[in-house]
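Please keep the sequence and the model in view while reading.

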Amino acid sequence: MTDLVVVGAGPRAVMLVERLLARRTPASVAPLRLTLVDPYPPGAGRIWRREQSSLLKLNSMARDVTVFTDETSTIAGPVRSGPSLIEWAERVRVGAIPDARIDDPDLDAELRALRGDSFPTRRLQSAYLDWFWRRTVAIAPPGVEVRWREGTVQWVDESLDGYEVALADGIRLPADVVVYALGHNGRDPEGETRELLAAAAHHDLVYIPPAFTADADLRGLAPGADVIVRGMGLASVDAVVLLTQGRGGRFERLPDGGLRYVPSGHEPRLHLGSRRGVPYRSKVSSVLRGAPVAREVLTPAAIADLLARPGAVDFIDDVWPLIARELVWGHYRELFTAFPERVRTSWDDFRSTLRAVDGDTEALRREVAAVVPDPLDRFDVASLDLPLGAETFADATAVHERVRRHIGEDLHLRTAPERSTAQALFLTVLGSFLALADIPTERWSARSRAVDLPVTWHTFFSYVASGPPGHRLEELSALADAGVVRFAGPELSVRVEAGRFVASSPRVGGDIAADALVDAWLPRTAAASSDNPALRELATRHGREVSVSDATFSGSLGRVEVDADGRVVARDGVPHARLFALGPFTSSTEAGAFTRPKSDSLSLRQTDRVAEAVAAALAQTAARLRL
């Protein structure tokens, strides 16, 4: 018997198992025991577990979620197709998937009402992932035993024959090959977070540090109390939901189509601010009407030219200008080909204009003003990224009303059918994200690897392409109308003064004082100081965090170094033969777990490649055992 132990049992872990089992053939005669270890149920894992608030949702539509390979997947392993989330729900409704476990009336009602453009709850996603796990196990070929052991891995020791995986309950599992698939993890407090925790304890204040919102303890935020919330991304949206609807408030649709929030009286008063001062852009619901999206600037040829140059590739200097121009092309291609009545020239002529102005922003603005009459049809990368620009505001009321107007405009641009340029923009950003994977990791400059890619680019991508469903922003506006939410402005900073938290924006007159502060974002990746003992040991004993350095920058990525096949790089720089890692805590390009169907997803490509290397390691072990 050959033993494979996977540390973790969330979506990426089960997708890896599926890719491994897809490779098993009748010639694979060596028996295999495959054990996943996780304190949370397999498939969903911690983040997507069923036991969380039914108010929390995915920020993807049901038609845009799958865990299966398809005909677009450029992978070495076999394609084994399966239903997307909406296809699964449709089959469950007609009884074509009788083994789906939907034993909750609310969950059943959601499933029966689900449409392709619905944003499902995480609990329904949990049911889909649970079915995926059970299906994967059920079709395991003869000679393969797949099991889940509920527990927490503390450490992994080398043994004479391979490894021993030590669990918190004292159990030790033998392993010939180990794969870490731990997903997202927290970390020990650092810097400002540590200082704020100490200040909160000293002054008897309530401080909730960066965390996964479903796991954060929000009970200390008292009804009617002022609460400063830093961050306006998905974690912030979830916190607002739990502190409003989660406390008994409700939304009512008005006769004129508007939305009104009816408070329960148990809500705190939330003051929201962030670096931009506005929420992430809403998810796009319009449909592409014009010419198909195509890469015109960040092309394979352009990337080849970058790689042909000597020296490192710098994201800010070399790649971001290409992405910015690509976004311009994506927007105007859709506008000119789908709505020729709204422009004063042809797409062929404007293509020539785009080539002529190249990266000259001012020249582009002049040309656009001459041929695009409606300001809402015009596109500017800087305004997309920082919609408040350099505006200043006399007081809290002024900035609050400005953000309210921005949310209304954003909702229109991202959801109105006639504004399908937003869909083209989304697909262009997604294409740019995939294109960056064509640049080998080692060719990036040190600062690009440590800061620009994981922070600058990833944050911009999330802000533009991975924001909340449109109805969440509509709800945020209704909460603002009800006085439950106030918008505090851009570049928000917090200090402790006179025993209270005080928030201020350099561009807004006045301060906000409160006895409670929520930092609503995910903890920064730092494997060596993770709150997960197995990951911490991996980063400090078996492997190492990636450190980068060149003539202008030195720093750590906070991620465990792996090679292209997912092998953990040991502290001496040599990859382990039988120790692998896969997920957002590694040095591989971050790609998420489940993905959009028919998109040749980076996630599935990565998972399949690691599965191929793991299968080879298992085969070598089996051959050695037969000798």
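## Helices α12 and α15

In the contact between two helices, His 400, Arg 404, Ile 407, Asp 410 and Leu 411 of α12 meet Gly 470, Leu 473, Glu 474, Leu 476, Ser 477, Ala 480 and Asp 481 of α15, where contact means heavy atoms within 4.5 Å. By class, this contact of α12 with α15 has five nonpolar, three polar and four charged residues; Ala, Val, Leu, Ile, Met, Phe, Trp, Tyr, Cys and Pro count as nonpolar, Asp, Glu, Lys and Arg as charged, and the others, Gly among them, as polar.

Two packed helices are described by the angle between their axes and the distance between the axes. Helix α12 (residues 396-415) and helix α15 (residues 470-481) pack at about 155°, and their axes are 10 Å apart, which makes α12 roughly antiparallel to α15. Axes here are lines fitted to C-alpha atoms, for helices over the stretch in contact, and angles run from 0 to 180 degrees between N-to-C directions; angles under 35 degrees count as roughly parallel, over 145 as roughly antiparallel, 65 to 115 as roughly perpendicular and the rest as oblique. The crossing of α12 and α15 is left-handed, a term used if the near helix is turned anticlockwise from the far one by less than a right angle, with right-handed used if clockwise.

## Model and overall form

This is a predicted model, in which local features need pLDDT of at least 70 and side-chain atom pairs count only at pLDDT 80 or more, while totals for chains, interfaces and linings use all residues. Residues are numbered from 1 along each chain as its sequence is written, and side-chain values use heavy atoms, with hydrogens and water left out.

The protein chain has 17 helices and 21 strands; helices (H or I, at least four residues) and strands (E, at least two) are DSSP runs, numbered from the N terminus. Its C-alpha trace spans about 80 × 60 × 60 Å along the principal axes. The radius of gyration of the protein chain is 25 Å, which agrees with the value near 25 Å that a compact globule of 627 residues would have; this radius is taken over C-alpha atoms, and the globule rule is 2.2 Å times the number of residues to the power 0.38. Of the 627 residues, 54% count as buried, where buried means under 20% relative accessible area, exposed over 50%, and partly exposed in between (1.4 Å probe, protein chains only). Among contacts with a separation of 6 or more, 74% join residues 24 or more positions apart.

## Two further helix pairs

The axes of helix α13 (residues 421-436) and helix α14 (residues 446-465) come within 10 Å and cross at roughly 155°, so α13 is roughly antiparallel to α14. The residues in this contact include Leu 425, Phe 426 and Phe 433 of α13 and Trp 457 and Phe 461 of α14. By class, the contact of α13 with α14 has eleven nonpolar, one polar and no charged residues.

Helix α8 (residues 315-338) and helix α9 (residues 347-357) have axes that come within 10 Å and cross at roughly 165°, and they are therefore roughly antiparallel to each other. The crossing of α8 and α9 is right-handed, and the contact of α8 with α9 has seven nonpolar, one polar and three charged residues.

## Buried residues

Ala 9, in the loop between β1 (2-7) and α1 (11-22), is buried, with a relative accessible area of 0%. Not counting residues up to four places away in sequence, Ala 9 touches several residues, including Leu 36, Pro 42 and Trp 148.

Ser 126 belongs to helix α4 (residues 122-138) and counts as buried at 7% relative accessibility. Pro 42 is 84 residues from Ser 126 along the chain, and their C-alpha atoms are separated by 9.5 Å.

## Loops with a positive phi

Most residues other than glycine have a negative phi. Ala 498, in the loop between β14 (493-497) and β15 (500-504), has a positive phi near 55°, and at 83% relative accessibility Ala 498 counts as exposed. Lys 598 also has a positive phi, of about 55°; Lys 598 lies in the loop between β21 and α17 and is exposed, with a relative accessible area of 55%.
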